[in-house]
Amino acid sequence: MAVTIDSLVKRFGETTAVDKVTLEIAAGELFGFIGPDGAGKTTLFRILVTLLLPDAGRATVLGRDVTTDVWELRRRVGYMPGRFSLYPDLSVEENLHFFASVFGASVEAQYDLIAPIYDQLAPFKDRRAGALSGGMKQKLALCCALVHRPEILFLDEPTTGVDAVSRREFWELLARLKGTGLTIVVSTPYMDEANRCGRVALMQRGRMLGIDAPSRIAASFGRPLLRVRADRRYPLLLATREYPNAATVFPFGDVLHFTDRRDGLPPEEIARELLAYLHQRGFADAQVEATAPTIEDTFMARMGEPEKAA
Amino acid sequence: MSAFAGLLRKEWLHIRRDRRTLLVVIFMPIIQVILFGYAIRTDVSGIRLAVVDPSPDASTLELRNRFAGTDAFRVVRVLPNAGALDPLFASGAIQEAILFDGDFGNKLARGLPARVLVVVDASEPNSGSAMESYAIGVIQSYQRDIATKGGAVTIVPEARMRFNPTRASSNLFVPGLIAFVLTIISALMTAISLTREKETGTMEILLVSPLRPLEIIVGKVLAYLVIGFVSVLLVVAEARLVFAVPLQGSLFLLLAEGLLFILTSLSLGILISSRTSSQRVAMIGALAGTMLPTILLSGFIFPIESMPWPLRLISNAVPAKWFVLIARGIMLKGVGLEYLWPQTLILLAMTVVLVGAATRSFRIRLA
Amino acid sequence: MTAPNEVAIEARELTRRFGSFTAVDHITFDVRVGEVFGFLGANGAGKTTAIRILTGLLSPTSGTARVAGHDVYTESEWIKRRIGYMSQKFSLYEDLTIAENIRLYGGIYDLSKDAVRDRMSRMLSRLGLEQSAGTQVRALPLGWRQKLAFSVALLHEPSIVFLDEPTSGVDPITRRQFWELIYEAAARGTTVFVTTHYMDEAEYCDRISIMVAGRIGALGTPAELKQQFGVETIDELFVRLARPTAGAA
């Protein structure tokens with residue numbers, strides 16, 4: 001096992017950031033922690049890379065205890081904290097050389113590992129890191145985390161705040177890295193990125209809502225899910241909410257996702273009844289059909305009520 | 001409520017709810033008034049006085065008793081001749097000396113001019129003239145008293161200013177200025193550098209690497225050591241070339257001591273920043289912890305001897321105080337390690353303690 | 001052609017240069033009254049600059065733009081009074097309570113005390129925050145802060161509201177609740193101009209535009225654009241548009 005976590009707890013004052021988390025990550029996995037801000041992802045990562053001491057529970061990385069084998073782990077672990085932590089006044093090349101030297105590595109020796117990523121940066125190697133675009137900074141940070149050839153890589157929200165294209169490219173890079181046998185642990189608030197991982201853990205307010213392969217989590221939704229479409233979207237939303245049998249009605253892009261509060265009905269029947277209702281409400285162009293649940297649907301079903309205000 | 005009134009109210013609420021700023025705004029003036037009030041003294045007391053009396057008699061003893069009887073003076077030595085005065089001045093054991101003419105009493109009795117030479121260590125700002133006037137005042141009051149009893153008296157007080165005969169104020173301030181400038185650069189710069197790493201998040205990466213805390217600290221210290229040394233060179237050059245401050249002693253020793261002092265200040269800067277995570281707080285901490293004590297309590301501007309004993313005690317903990325003594329000693333008095341070894345040792349000890357404390361408090365984790 | 005009084009925002013050949021760098025390059029588009037308009041683009045594509053021009057914070061180098069009927073060159077102060085604004089970086093003062101924030105903004109926009117009291121109670125009951133009027137904003141969870149900030153941006157009932165990445169980092173349910181607030185506002189006739197990095201949120205908009213390297217690369221309804229470019233999702237559309245310049249830093 002590359003990572004084992006057993007009943008880990010971390011509190012900050014009154015808030016419990018990590019609430020009795022237990023899971024395992026096997027070597028060579030591409031594992032994702034999916035959850036919004038405040039879920040506890042960053043805190044969990046910091047404990048695993050030996051930056052924070054937990055209040056209770058145990059965790060091991062590469063077989064070593066994260067609270068006692070600190071120096072051993074710091075040699076073998078790669079870490080990319082959130083928010084592009086590089087030196088903005090050093091150039092791309094200078095940043096890379098610095099991080100290599102700190103680990104006693106050299107850029108030349110490890111070049112084959114970072115080459116595919118660094119090739120994209122090479123034209124800008126003399127540019128100050130602060131002057132790079134978000135996507136480029138992220139790639140540089142990844143290079144710097146890899147340059148000492150770690151056995152496991154922790155990436156904390158590497159795609160946050162970066163545009164869709166750069167995000168895609170980044171995940172493609174990760175997929176190639178996985179091929180080298182590196183264990184990669186990523187956190188992200190973007191639900192759609194969950195599908196890029198081998199297994200994911202859904203995290204909300206310090207707790208795990210599910211740990212499994214993304215497809216299985218999506219499939220575990222457990223209820224029939226319908227997709228509802230019509231031209232006038234907002235009126236459709238309001239009308240569907242008023243449907244007496246509606247359990248949840250959520251906008252999803254250009255459609256609505258609908259679940260019925262009754263159990264045991266086949267989806268076709270639910271669809272038919274809903275369609276009739278919508279026609280009656282004046283939505284002549286409404287379309288209703290069964291649809292496969294996504295991870296986001298499952299997340300929302302499991303997360304319960306959003307945190308109360310006071 | 002109008003927009004403007006709303007804005008005012010908002011600002012008021014911000015201030016009221018920001019505990020830290022409130023504390024500073026309320027307590028800072030109180031503390032400052034006390035500090036400045038007690039530290040700024042232009043009058044002097046407890047002047048360390050040496051008396052050179054080649055032929056003691058009733059008159060000299062009478063005059064000597066007058067000196068001993070005032071609070072302004074403390075007679076620490078009585079010498080038969082002036083030979084031993086130099087080292088005493090050099091080491092700072094005495095600040096002023098009065099030298100009686102030989103056969104003082106006889107000359108007075110016979111109505112001949114009897115000389116009293118007043119020598120003052122003028123390397124201390126402010127005190128020089130004050131010390132001189134006090135001594136002359138005592139002498140003159142004695143003279144008046146004799147005169148009323150009948151008989152002509154001519155006591156000729158002469159004043160000499162040692163070490164700073166021209167009493168150029170730049171000579172007084174510049175050595176202290178060196179200390180001041182170095183403190184700012186070293187303490188402030190390291191504090192800012194470390195907290196900037198924390199703020200941008202790069203500190204996280206450094207921590208997670210195999211770098212040990214000592215390596216990180218020493219790395220920062222060495223880099224700023226070089227810069228600090230360049231500053232020492234610049235300030236000394238300016239002092240010599242622009243202000244014509246004398247350099248009686250060894251330049252090499254001055255630079256070496258400067259280096260030591262930078263080290264001390266750097267460690268102080270690191271200690272301050274190891275406990276703070278924002279550049280703003282680090283800056284305020286560095287300023288409060290270094291600049292204020294340096295200005296007030298290092299003897300740079302205000303003489304320490306005139307301060308009440310609690311402040312005098314605290315001033316011993318201010319590294320700048322010791323460096324000011326060293327700088328003045330080398331530049332104005334021309335002395336070397338033979339006199340300055342205690343101060344040097346103290347700075348060395350402070351540095352070791354501070355570096356140790358900084359390393360200890362430098363956490364290898366975020367929490 | 002939309003009639004003049006149906007256009008909330010109008011930009012013609014709008015350009016902004018910074019020295020030799022052209023951040024916004026002759027963009028032309030309309031936003032209709034009551035529309036939910038998604039303004040998308042990669043970081044560095046010129047979005048933020050364009051928004052700054054439209055909200056009266058920056059003047060253009062050339063071209064024209066009118067917001068709520070006012071010219072961005074000469075009437076920027078009017079614009080600021082007529083629009084609402086909410087950004088990810090700043091929304092409300094954290095050390096003030098909810099009520100204090102609302103009163104403050106009410107004052108800034110010259111609302112009468114009665115109006116403020118009225119609208120505050122309506123807002124709080126809509127959000128379910130009636131009990132929390134005295135809570136400091138910093139004690140609220142992120143999602144609530146965002147929803148509150150949006151409502152406060154609408155306090156003075158502006159005709160147009162600008163939202164800059166309003167749902168970043170928020171959980172999926174709260175995000176959707178936020179968008180329902182947007183729909184409600186649009187249904188009342190408020191024009192909503194929003195930027196976002198969530199491509200699925202682009203689908204919630206009536207029309208979207210995508211900026212690439214300072215120019216508008218695509219403009220239309222999500223359905224039209226998907227058909228035009230032969231893609232299934234806005235995400236793919238984005239990639240298709242941005243790929244030519246994907247190598248740039």
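What percentage of the 310 residues in chain A is buried? I looked this up before anything else. Buried residues make up 50% of chain A. I call a residue buried if 20 or more other C-beta atoms lie within 10 Å of its own, exposed if 12 or fewer, and partly exposed in between, with C-beta atoms placed from the backbone.

**Ground rules**

I am reading a predicted model, in which local features need pLDDT of at least 70, side-chain atom pairs count only at pLDDT 80 or more, and totals for chains, interfaces and linings use all residues. Residues are numbered from 1 along each chain as its sequence is written, while chains are lettered from A and ligands numbered from 1 in the order in which they are written.

**Confidence**

I checked the predictor's scores next. The complex has an ipTM of 0.84 and a pTM of 0.79. I then turned to pLDDT, the predictor's confidence in each residue, from 0 to 100. Chain C has a mean pLDDT of 87. In that chain, 94% of the residues reach 70 or more. I noted residues 245-249 of chain C, where pLDDT stays under 50. For this stretch the model has seven contacts beyond four places in sequence. Two residues are in contact if their C-beta atoms, placed from the backbone, lie within 7 Å.

**Chain A as a whole**

I counted ten helices and 14 strands in chain A. Helices (H or I, at least four residues) and strands (E, at least two) are DSSP runs, numbered from the N terminus. The C-alpha trace of chain A spans about 70 × 45 × 40 Å along its principal axes. I also looked at contacts in chain A with a separation of 6 or more. Of these, 69% join residues 24 or more positions apart.

**Strand β9 of chain A**

Why do I call β9(A) largely enclosed by the rest of the structure? Because five of the six residues of this strand (residues 199-204) are buried. I then looked for its partners. Two strands pair if DSSP finds at least two bridges between them. Strand β3 (residues 30-34) of chain A runs parallel to β9(A), joined by four bridges. On this side, A:F33 has A:A201 as its bridge partner in β9(A). Strand β10 (residues 207-212) of chain A pairs with β9(A) in the antiparallel sense, over five bridges. Here A:M203 has A:M208 in β10(A) as its bridge partner. The hairpin of β9(A) and β10(A) has two residues between the strands. In this hairpin, A:R205 takes a positive phi near 50 degrees.

**Cores**

I looked for nonpolar cores, meaning sets of buried Ala, Val, Leu, Ile, Met, Phe, Trp, Tyr and Cys residues joined through C-beta atoms within 7 Å. The largest has 100 residues. A:L48, A:L140 and A:C143 have the most contacts inside it. Helix α5 (residues 134-146) of chain A gives the largest share of this core, eight residues. I listed what A:C143 touches, not counting residues up to four places away in sequence: A:L96, A:I114, A:I117, A:Y118 and A:L121. Another core, of 83 residues, lies apart from the largest one. Its residues include B:F104, B:V221, B:L332 and B:M350.

**Chain B**

An automatic or database domain assignment supplies the domain bounds. Chain B is divided into domain 1 (47-162) and domain 2 (169-361). Their centres, taken over C-alpha atoms, are 39 Å apart.

I picked out B:K220, in helix α9 (residues 213-241) of chain B. B:K220 is partly exposed because 19 C-beta neighbours lie inside 10 Å. Leaving aside neighbours within four places in sequence, B:K220 is in contact with B:T190, B:S193, B:L194 and B:I270.

Most residues other than glycine have a negative phi. I noted B:D103, with a positive phi near 60 degrees. B:D103 is in the loop between β3 (96-100) and α5 (104-109) of chain B. I also noted C:A68, with a positive phi of about 55 degrees. C:A68 is in the loop between β4 (62-67) and β5 (70-71) of chain C.

**Where chain C meets chain A**

How many residues does each chain bring to this contact? Chain C brings 35 residues and chain A brings 30 residues. On the side of chain C that touches chain A, α6(C) gives the largest share, seven residues.
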